[in-house]
Amino acid sequence: MADTLDLFVSVGLSEQKAKETIKNEVLTGELKNIINEARKYCSTIDKSMGVLLYGMATRLKSKGRANFLTEYIATKRITTELQLQSALDYVKSHPVDPVDAAAFEEACGVGVVVTPEQIEDAVEEVINQYKQDLLQKRYHFNIGMLMGKARGKLKWADGKAIKNEIDMQILDLLGPKTDADKEKPVKAKGAKSSKDNVPKKLANMVKAVADEGAGASMNGEETRSLMEQLRGHAVNFHKVGENFKTEGYVVTPMTMKLLKEHVQAVGGKVWTRFPPEPNGILHIGHAKAINFNFGYARANGGVCYLRYDDTNPEKEEEKYFTGIREMVEWLGYKPWKITHSSDYFHELHAMGVELIKRDHAYVCHQKLEEIRGHNPPPSPWRNRPIQESLRLFEDMRKGKIAEGEATVRMKHIMEDGKVDPVAFRIKFTPHHRTGDEWCIYPTYDFTHCLCDSLENITHSLCTKEFQARRSSYYWLCNALDVYCPVQWEYGRLNLYYTVVSKRKIVKLITEGIVRDWDDPRLFTLTALRRRGFPPEAINNFCAKVGVTMAQVIIDPNMLESCVRDELNVTAPRTMAVLEPLKITITNFPSEKAIDIDVPDFPAEPSKGSHKVKFAKTIFIEKTDFKENMEKGYRRLTPDQPVGLRHAGYVITLESMVKDKKGEITELKVKCQQADTAEKPKAFIHWVSEPVSCEIRLYERLFKHKHPEDPEEVPGGFLTDCNKDSLTVIPAALLDASVKGAQVYDKFQFERIGYFSIDPDSKPDKLVFNRTVNLKEDAGKNV
């Protein structure tokens with residue numbers, strides 16, 4: 001094994017990828033043969049060549065063409081992923097030997113040389129086409145569109161060279177960026193749709209980089225909304241009824257008849273489904289899946305099911321069913337129908353019987369431990385008589401065979417090399433919906449595709465790890481001669497500094513590190529809601545990440561940025577003091593408190609206001625006063641006055657009151673109207689006649705980007721927890737206008753951050769969670 005590992009690493013595979021590959025005996029043998037074949041044409045295999053060889057080994061269906069393609073890669077006539085994919089498509093669509101070399105090379109761009117002059121001319125033509133828009137929008141223009149247009153003219157050109165030429169020509173046309181070019185584009189009024197909770201105006205599109213966990217946005221590039229990204233041909237999905245045109249789709253004598261019936265059933269519209277397992281709480285990765293499945297249907301005038309994949313009665317609980325639906329609707333989507341895999345248990349059982357009758361499945365008595373992995377021993381019962389398997393399957397259904405003593409296995413080898421996956425297993429566990437009716441339950445590999453078929457799903461959208469199950473998905477539908485949907489995979493969304501697995505979150509809860517599934521330090525959707533993240537911001541984030549097919553790991557800062565963007569225009573302002581310092585105004589101009597009208601959104605006074613009491617006694621933040629002046633400090637000192645926000649007054653220190661320890665407990669000041677006083681260097685927030693509230697300040701739960709990585713955190717994820725991830729301020733002082741606010745109401749505490757009311761709140765004691773800090777210049781609070 002060590003020699004094989006060294007071999008795979010030597011051609012550019014990471015050690016982890018090499019170890020995963022070795023687990024698949026079939027793939028390992030094929031890749032070894034391909035590497036040996038390549039070495040006939042070149043002495044060394046660099047990383048770029050090795051990646052292409054590996055890609056060919058994992059995706060080539062016709063293994064008889066491996067040597068043919070290997071020669072082209074080893075002799076560097078195929079050098080890019082685009083060329084490799086074109087080559088794979090060609091040999092798949094031309095199965096007859098010998099291969100027409102001239103036609104093949106033309107289809108793959110072999111020998112095509114794109115000169116710098118051609119790139120320059122193509123880019124110039126595209127820029128001239130959009131010149132007026134460029135001059136008007138300048139660096140806020142969608143540069144990605146120019147890139148796409150130029151690539152369309154020069155299919156085989158190097159993308160980096162095109163990008164560099166575009167940057168150079170735009171710089172020549174527009175000149176260097178001005179301050180206005182660097183500013184974020186202003187959101188147009190009315191651009192947001194409250195109906196959908198799906199943003200219509202988004203920030204810059206993120207180009208996600210597979211496996212590297214990187215995401216970056218092009219400066220000044222306008223992002224299309226999620227609906228725009230998913231509409232029509234924006235994604236390369238098939239049209240309804242044209243399943244047979246997609247890669248890997250198997251056409252049988254029944255296909256066209258079944259497709260015709262399918263198109264009639266769906267009325268030519270897109271039908272998708274979101275199929276979560278009801279055994280845990282949804283997390284941020286599910287938000288992308290929800291947006292992708294429901295969003296693709298909505299963008300194309302279709303419908304989307306919420307289907308609970310409830311085939312494992314041991315792990316399912318009612319709270320997960322209700323929690324999942326609640327989160328889907330919180331994100332702004334309404335399921336067309338709510339179904340369960342268990343709705344189809346009778347149909348699935350009948351299909352299992354039919355699969356055995358067709359000699360595509362059998363009853364096996366190997367233990368589950370024996371058949372796990374990719375290289376289990378062959379089943380001695382694989383070729384047992386059909387009638388015997390049918391009788392045993394009926395015995396399984398009637399509970400005559402003990403749990404673990406028999407399974408139904410399908411006669412099929414999956415793409416990842418797994419042999420004869422299980423279709424049914426025995427579990428003497430009552431089901432939450434069907435009770436004791438069944439003691440056999442279908443597996444995911446059996447259920448998923450057949451439920452998609454029964455529900456006439458047009459596009460079965462799932463994350464990338466299910467790609468290895470695609471051939472099994474198609475095989476099973478065709479083996480039973482039922483309608484076969486198309487499976488499309490997209491990249492899973494992950495975040496740094498977090499864990500999302502149910503087992504690990506349960507461990508955090510039982511260890512007392514977090515309170516529950518909705519602890520605001522987690523990235524479950526219920527936790528994000530409790531922390532105060534608006535659903536619009538989460539949808540915005542999913543759109544910003546983009547409809548990428550690559551797996552991505554994103555820094556939480558990007559999500560928090562989307563939250564700030566949303567709360568900036570939706571969270572009314574109020575004043576709060578977290579560490580109060582008492583101020584007495586000795587020359588207060590009135591015997592009673594004065595009512596001051598404070599705008600909810602100072603930049604947009606028309607959006608409303610609230611009343612604030614201004615009295616002789618006020619409270620400011622302790623950090624807004626310094627007894628000894630420091631260079632660059634702009635707030636209150638013995639020699640420096642400061643303004644009071646919204647009050648229209650400037651205060652100047654008269655004296656300090658200290659306790660026995662020398663700590664300042666009170667300041668006595670005099671006030672002067674701002675329009676007659678010298679303009680102060682800063683204005684600070686304050687409260688008067690306030691209410692006392694509890695404030696919870698949250699920081700990252702984990703210290704490292706990859707808390708589950710043993711190399712980064714050798715002691716395990718529990719040892720990586722930040723002990724200072726929660727700070728509780730039991731008696732902060734807030735403007736009394738927050739009285740009567742409801743759970744999940746959101747505010748911006750001026751100069752502090754965004755906060756949301758926690759469900760622990762009581763009528764006489766509100767509790768606020770800090771959602772995110774304010775995004776501000778480093779020197780703003782100096």
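Is Phe 141 buried or exposed? Phe 141 is buried, with a relative accessible area of 4%; buried means under 20% relative accessible area, exposed over 50%, and partly exposed in between (1.4 Å probe, protein chains only). The model is predicted: local features need pLDDT of at least 70, side-chain atom pairs count only at pLDDT 80 or more, and totals for chains, interfaces and linings use all residues. Residues are numbered from 1 along each chain as its sequence is written, and side-chain values use heavy atoms, with hydrogens and water left out.

**View 1. Tyr 130 and Phe 141 form a tilted ring pair.** The structure holds 29 aromatic pairs. In one of them, the rings of Tyr 130 and Phe 141 have their centres 6.0 Å apart and their planes at 50 degrees. Rings of Phe, Tyr and Trp (its six-membered ring) pair if their centres lie within 6.5 Å; planes under 30 degrees apart count as stacked, over 60 as edge-to-face and the rest as tilted. Tyr 130 lies in the loop between helix H8 (116-129) and helix H9 (131-137), and Phe 141 in the loop between H9 and helix H10 (143-153), so the pair ties together parts 11 residues apart in sequence. Helices (H or I, at least four residues) and strands (E, at least two) are DSSP runs, numbered from the N terminus. Tyr 130 is buried, at a relative accessible area of 14%.

**View 2. Phe 393 and Phe 424 form another tilted pair.** Their ring centres are 5.1 Å apart and their planes stand at 55 degrees. Phe 393 belongs to helix H19 (residues 386-397) and Phe 424 to strand E8 (residues 422-426), so the pair links distant parts of the chain, 31 residues apart. Both Phe 393 and Phe 424 are buried.

**View 3. Five aromatic residues are joined in a cluster by ring pairs.** The members are Phe 237, Phe 292, Tyr 296, Trp 488 and Tyr 490.

**View 4. Helices H20 and H21 are mostly covered.** In H20 (residues 444-454), 9 of the 11 residues are buried, among them Phe 446, His 448 and Leu 450. Just after H20, Asn 456 has a positive phi of about 60 degrees. In H21 (residues 470-479), 9 of the 10 residues are buried, including Tyr 473, Tyr 474 and Trp 475. The cover over the buried residues of H21 includes helix H17 (345-357), strand E7 (407-410), H20, strand E10 (459-463) and strand E11 (486-490); contact means heavy atoms within 4.5 Å. Asp 481 follows H21 and has a positive phi, near 55 degrees.

**View 5. Val 657 sits in strand E21 (residues 649-658).** Val 657 is partly exposed, at 29% relative accessibility. Leaving out residues up to four places away in sequence, Val 657 touches Glu 663, Ile 664, Thr 665, Glu 666 and Lys 668. Val 657 and Lys 668 are 11 residues apart in sequence and 7.8 Å apart in space, C-alpha to C-alpha.

View 6. Cys 542 is buried, with a relative accessible area of 3%.
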